[in-house]
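Biologist: I've got the model open and I'd like to go through it with you. Can you show me how the labels follow from the numbers?

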Amino acid sequence: MLERHLFGRPAKIGVGANRAAVAASYFERYGYFDPRISTSNQSPCLDQKVESHLNLEKIGAVILDDGMQHWSLQRDLEIVMVNGLTLWGNCQLLPLGPLREPLTALKRADVAVIHNADLVSEQNLKEIEHMIREVKESLPIFFTRMTPSHFFEVANINSKLPLGALSNTVILCVSAIGSANAFVTAMEKIGASYVDRLDFSDHHAFQARDVDMIRRRLEELEDKFDSKPIVVVTEKDYDRDSEILKHLHPFKVLALCSELQTISHIGCTENGFKKLLTEVLRVKLPGAN
């Protein structure tokens, strides 16, 4: 999904269980440059246009997903994202609960982001903020949501359907993501006449038996409502295996496209978030452009 969205842009996507090892392999393959050192200081003899061209393939920054527990990895910026719907679970560490570290690990963070904030009550948001402040009072906190933008047909990725195209329809939400509630809630808000759901475990790869299960549910919905239901999946599910979803024909399968948005809340805005990152990096990486 990231490769599709970032196609033609100066970004490379590395995938692997050991994120640090993947990043290191990309350094070896493409080279890297230190953003704290200007190009004129690095190679004063080279024409700047030529050097700029040479640096196009080189890596100047790495964004590491799920990197907080990689203690041995030196990092310049730590952003912790918290799912406002599930939060800390039972506050227990693995295997008794979902946490990989105690909440005191938040002391290492530079920024905290509470996601799905639009689906959490104002009172609960205040309680979450209070819990974070108890660990690190000075930690900046921002709030985000996923905002649906449009659909595309799984059979035709170049298609683009407005959200209103599914109003007054029967929808079956099928997903294999970490938190499906936000996805289903978004579908309930677009004006569908009925929304059903089939949730699979996070990162689940759909198999033929899953397609059979989905088809049976679709047939049940069709009999119940006397209307052909439409399957809606997330973009992540589409990119995990776009071909197997086509086996649900003649039922239509759509993928929902959404955008991450920063919610203006208690003076915290998207511009404020960008400015904060700039300031933190300026302090931690003096001399960086």
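Biologist: What covers the buried residues of α5?

Modeller: The cover includes β2 (111–115) and β3 (141–153), where contact means heavy atoms within 4.5 Å. Helices (H or I, at least four residues) and strands (E, at least two) are DSSP runs, numbered from the N terminus. Before we go on: this is a predicted model, where local features need pLDDT of at least 70 and side-chain atom pairs count only at pLDDT 80 or more, while totals for chains, interfaces and linings use all residues. Residues are numbered from 1 along each chain as its sequence is written, and side-chain values use heavy atoms, with hydrogens and water left out.

Biologist: Which residues of α5 are buried, and why do they line one face of the helix?

Modeller: L125, I128, E129, I132 and V135 are buried. Buried means under 20% relative accessible area, exposed over 50%, partly exposed in between (1.4 Å probe, protein chains only). Seen down the axis of α5, they fall within an arc of 115°, so they line one face; the arc is that of the directions from the helix axis to the C-beta atoms.

Biologist: Which residues are buried in α2, and which exposed ones does the face turned away carry?

Modeller: A20, V22, A23 and Y26 are buried in α2. They cover an arc of only 160° around the axis, so they sit on the same side of α2. The face turned away from that buried side carries the exposed residues E28 and R29.

Biologist: Why is Y26 counted as buried, and what is Y30?

Modeller: Y26 has 18% relative accessibility, so Y26 counts as buried. Y30, with a relative accessible area of 23%, is partly exposed.

Biologist: What makes Y26 and Y30 an aromatic pair, and why is the pair called tilted?

Modeller: Rings of Phe, Tyr and Trp (its six-membered ring) pair if their centres lie within 6.5 Å; planes under 30 degrees apart count as stacked, over 60 as edge-to-face and the rest as tilted. Y26 and Y30 are 5.6 Å centre to centre with 50° between the planes, so they are a tilted pair. Being four residues apart in helix α2 (residues 19–30), they are separated by about one helical turn.

Biologist: How do you know that the charged end of K12 sits over the ring of Y30?

Modeller: A charge sits over a ring if NZ of Lys or CZ of Arg is within 6 Å of the ring centre and within 35 degrees of the ring normal. The charged end of K12 is 4.1 Å from the centre of the Y30 ring and is listed as sitting over that ring.
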